[in-house]
Amino acid sequence: MASFQIIVGSMLGNTEYIAEAAETVLQELGHTTAMHFQPEFSQIDKTKQTWLLCTSTHGAGDFPENLEKFIHDLQSYDQPLADLSFIVIGVGDSSYDTFCQAGKTLYNIMLEKKATPISPLFTIDMIEIDDPESEAEKFIRSISDQL
Ligand SMILES: Cc1cc2nc3c(=O)[nH]c(=O)nc-3n(C[C@H](O)[C@H](O)[C@H](O)COP(=O)(O)O)c2cc1C
């Protein structure tokens, strides 16, 4: 069983609900989880962990405010994160040209840091999807064999 650090970027709360739904499925599958709604990079375990990064996009393709310092610290970190596997759930609205740009950027930063992706970026389009929490649950179940 894996140990998950769930890192959440959210302004209005939608992504928090999605992260909680994903966490419930991970726990049902027998994994351990730690939730970070105000992520502090230095305090998040980087040893043999899977990071589930859930972020909405705001502004014009920007990260939510609560994730800005985490992203800065992640980018400044001078060691490879080769001990980490990761998943990114991007939450956004496809009426924006910069659909889920924060999720895309975060996925690429994790690749640059040498972490191992478990799946391609998973996006949730809030104008197309009626029940984003169940979409996240289905996604986690669909990759359960790789966790
Ligand atoms: C001011 C504003 C700017 C936004 N910009 C983007 C954007 O650039 N790209 C995108 O995919 N979604 C964008 N969105 C949509 C949000 O990502 C979407 O509403 C999401 O559900 C917010 O999740 P949160 O409550 O977790 O912050 C924007 C929403 C607002 C209110």
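I took helices (H or I, at least four residues) and strands (E, at least two) as DSSP runs, numbered from the N terminus. By that reading, Gly-92 is found in strand S4. This is a predicted model, where local features need pLDDT of at least 70, side-chain atom pairs count only at pLDDT 80 or more, and totals for chains, interfaces and linings use all residues. Residues are numbered from 1 along each chain as its sequence is written.

Fold. I listed four helices and six strands in the protein. From the N terminus on, the order is β-α-β-β-α-β-α-β-β-α. The radius of gyration (over C-alpha atoms) is 14 Å, close to the 15 Å of the globule rule for 147 residues, so the protein is as compact as a globular protein of that length. The globule rule is 2.2 Å times the number of residues to the power 0.38. I read spans of about 35 × 35 × 25 Å for the C-alpha trace along its principal axes.

Contacts. I counted two residues as in contact if their C-beta atoms, placed from the backbone, lie within 7 Å. Of the contacts with a separation of 6 or more, 80% join residues 24 or more positions apart.

Helix pair. I checked H1 (residues 14-28) against H4 (residues 132-142). Their axes come within 8 Å and cross at roughly 35°. Axes are lines fitted to C-alpha atoms, for helices over the stretch in contact, and angles run from 0 to 180 degrees between N-to-C directions. H1 contributes Asn-14, Tyr-17, Ile-18, Ala-21, Ala-22, Val-25 and Leu-26 to the contact, while H4 contributes Pro-132, Glu-133, Ala-136, Glu-137, Ile-140 and Arg-141.

Ligand shell. Which residues come nearest to the ligand? I found Ser-10, Leu-12, Thr-15, Ser-56 and Gly-92, out of 22 around it. A residue is near if its C-beta atom, placed from the backbone, lies within 6 Å. H1 and strand S4 (84-92) each supply at least two residues of this shell.

Gly-92. Is this residue buried or exposed? Gly-92 is buried, with 25 other C-beta atoms within 10 Å. The cut-offs are 20 or more for buried and 12 or fewer for exposed, with partly exposed in between. Buried residues make up 37% of the 147 in the protein. Leaving aside neighbours within four places in sequence, I find Gly-92 in contact with Ser-56, Thr-57, Phe-99, Cys-100, Thr-123, Asp-125 and Met-126. Gly-92 and Ile-124 are 32 residues apart in sequence and 6.3 Å apart in space, C-alpha to C-alpha.
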